Amino acid sequence: MAFLRLASRWPALSKFGVANPSLHGKSPPLRNGFLPLTTSSAVGKSASAAATTEAFRGGSSQAVGHAPGQRKDVLDSSFDDAHAAYKSKTTWEILRAYIVYTLCSSSYLVENNMKLMKIMKAVMGEKMFTALMKGTFYGHFVAGEDQERIRPTLERLRSFGVKPILDYSVEEDLSQEEAEKREVEAESPMSSVSELGDEKVQDPVHGLYMDGEDGHWKGGAGRSLVEGTMPQFHVDKTFADRRYKVSSARTYFYLNEATCERNLEIFQQSLQAVAGATYGTGLAAVKLTALGRPQLLLQLSEVIMRTRQYMAEITAKTAQANRSSPEDKGNIIGKHISPEQLHQKLQQTCKLSEAPVKKFLQNVTFDQEGLIHLFPWSGIIDENLELSETFLVPDIKSGKMVRLLTQLSSKEEEMFRNMIRRINVLAQTAEDLDVRMMVDAEQTYFQPAISRITLEFMRKYNSKKALIFNTYQCYLKDTFNEVVTDLEQAKRQNFYFGAKLVRGAYLEQERARAAALGYNDPTCPSFEATSESYHTTLTECLRRIKDLKSKGKPNMIGIMVASHNEDTVRYAIEKMKEIGISPEDKVLCFGQLLGMCDYITFPLGQSGYSAYKYIPYGPVNEVLPYLSRRAQENKGILKKIKKEKKLLLRELFFRISRGKFLYTPKGDYTPI
C-alpha cells in the first residue's frame, strides 16, 4: 500500500527464518508509519504510449525530473496502453491469457467447469492434468503451490512496480448436501446453530431477565425466547451452503477446532512469506470464518444490531426530551450523549435498584465528546471473556436487566475464546514481523461481528502504525455510515485506521436471502448506486485525510481502492487532485486480482502509484474451487474481458511485427 512500510525488525524476521530484507536493498525513509508514494503528475495517453514503446525498444521511459534509479513512467489515464499493461509478461503468457479469457467467454465451459476438470483429471491422470492446469487456468490465475514457488512471480511483479497481497486459496470441494449438514444440524459439532438451540429474540422483556433484587435470571419459557424479528442472523437451510450465488469469494466451512488451528498456521506462513519474499511491502489476507465456528459470529452480530436498536430507542427518548432529533438510526458514537444523560434517562425510566445501573454505567466507553460504546468492546478480544454474561442492558420498558446475547454453552464460550486467541496470534505475528494483515469482508450476517473484532484489534495493534486493516463492501447501503463511524472511533481513540474498499462479493446471495427470509435488502439497488456509495465513501476518507494534513497532524488513515472498475480508479486519482491530496501524502493505493485487469495494475505501479495484486497460491488440485470461481467471475464481466482481449492481441501483434516474440521481461522499477 501507499501507506505501508518495509519490514524493519530484522531480529523478528530471523526468529521466523525469514531472509533479511536489508540484503536486497536499503529501505526508504519512513514518516508517520507509512511509506512515501511518489508519481509523475503528468497524465497523457500519447506520452505514455511513446514512453513505453521506447522502453520496449531498449530505450528509457523514465519521466523527466525523476532521479536516476527511480524510474517512473507517465500514466495513461485511459488505461489503453498495451505496452505498459503487458511488458511484464512473456509472449507465451500473453497468448495464454488470451486463450483463458476466450474460454471464460463460453457459457457452457464456465457453467460446467468443475465437472469438466474432474473428467479431464480422471482421463488424463494426475501428472498430465496438473501440467495442463499450470499451462492454462492455474498458471494464469494462481502464482504457485507454496510460498517458495511463488517467489519468482513476486520478484517479477516487484521489478515492474507491483506488490502482493498473499492469499492461500485452498478450499474443500464439498457437496451442497455436506455444506448444508455442517451449517444447520444443531447436534453436529460443525453447525452454525448453537448447541442450546437457535434462539430468536423479539423483545428482551419477554425473554430471560435478571431480577434487580436477587440477581437471578427469571421469566421466559425455559431457554426458548420469543420468535425473532432479526432472521438475517439465523441459519436457514436454503442458504446453509454459503457458496450459493457467490462466485468471487472463498468460503470456509467449520469442521473442528483442529482445522481452525491448521488455518491459523497457514495464515502465519502467509505473513512470514510477506515479510520474506516481498521484503515486508506486501500484505496477507485472512478470513475470520476460517479461525472459528461461524455460529459465534452470527450471535455476536445479532448482539451488535440489537445494541443499535436499544441505543436508537434511548436516543429517541433523549432527543424527544431535549426537543432535538437523532442524526441516524442508532450508531452510538455519533450521538454525543454524555454518561450523565444516559444515567438520568435510566433513572427516570427503570425500576432497577441503583447497583445494577451503576454496574452497567461503569462499563460504558466515553470521552469528552460523549458515549463511544455501551459495552466495553475491547473485552471481546480478551481471551478470558465470558460472552453470555457481558451483554446486559437495563430495559427502559420493564426496568429489568436483559440479555442481548442468546446464551452460549460452556463449550461454545471456549470456542469463542479460541477464535479470539487465533486472531491475536496472527496480529502479534504481524507486529513481530512488521508486516500488514488485511481482514476480508464476508456476508452481512457475519460482518457486524467481523468489523467489531477487527476494529478492536486495530485499536490494540495500530497505535503506532497501520498493521491491521478492515474491508468494507460498498454495495451495502450502510457502508458510508459504517466507515464514518469507524473513522470517528479511530480519531477519538487515537489509532491508525486502514481500510480496503471493495464493491463486494455476495451481492446475489444477499438479495436472494433477504427476499426469501423477509428482511430489508441490505444492498444498493443498482450498479450506479453502488458506484455512488463507493465514490462517496472514498471521498469522505480523502476529505478527512486532507483535514489532518491541513491541521499539521500525523496522517493516520490509509485506503486501498480495490476495484477492477477503471472509472473508479480514475475517480480516485482525480479526486485526490481535486481535494488537494498529492501522491506524496502516502494515503492511497490500488489493488486487483492476479490475472485480471493487468491494464490497470501495471501502468499504475510503473507510474509511481502504490499498486497491488491479490496473489492466490496453493497446490493445483486444492485450488480447483478457486479456479472455478475465477472462470465464473470473468464470464460475468465480459465487457472488461473484451477490452483485455483487445489489448492482449495488440501487444501480441506488436511483438510479432517487431521480431520480439521471444521477449524476456526485465523490469527496473522500484515499488513504493
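Helices (H or I, at least four residues) and strands (E, at least two) are DSSP runs, numbered from the N terminus. By this assignment the protein has 23 helices and 14 strands. The model is a predicted one, in which local features need pLDDT of at least 70, side-chain atom pairs count only at pLDDT 80 or more, and totals for chains, interfaces and linings use all residues. Residues are numbered from 1 along each chain as its sequence is written, and side-chain values use heavy atoms, with hydrogens and water left out.

Of the 672 residues, 59% count as buried, a term that stands for under 20% relative accessible area, with exposed meaning over 50% and partly exposed in between (1.4 Å probe, protein chains only). The accessible surface comes to about 26700 Å², calculated by the Shrake-Rupley method with a 1.4 Å probe; carbon and sulfur atoms contribute 52% of that surface.

A closed barrel of eight strands runs in the order β1-β4-β9-β10-β11-β12-β13-β14, with parallel pairing. From one strand to the next, the twist averages 30 degrees; axes are lines fitted to C-alpha atoms, for helices over the stretch in contact, and angles run from 0 to 180 degrees between N-to-C directions. Two strands pair if DSSP finds at least two bridges between them. Strands β10 (residues 468–473) and β11 (residues 497–502) are joined in the parallel sense over four bridges, and Y472 has L501 of β11 as its bridge partner.

Helix α19 (residues 527–550) packs on the sheet and touches β11, β12 (557–562) and β13 (588–593), where contact means heavy atoms within 4.5 Å. The direction of α19 makes about 155 degrees with that of β12. Helix α11 (residues 257–277) lies across β1 (162–168), β4 (283–286), β9 (436–439) and β14 (611–617), and runs at about 165 degrees to β4.

Helix α20 (residues 566–579) has 14 residues and reaches 20 Å from its first C-alpha to its last, close to the 20 Å expected at 1.5 Å a residue; the expected span is 1.5 Å times one less than the number of residues. The buried residues of α20 include V569, A572, I573, M576 and I579. After α20 comes G580, whose phi is positive, near 95 degrees.

Finally, S88 is found in the loop between α3 (82–86) and α4 (91–104). S88 counts as buried because its relative accessibility is 4%. Leaving aside neighbours within four places in sequence, S88 is in contact with E93, R156, F160, F602 and P665.
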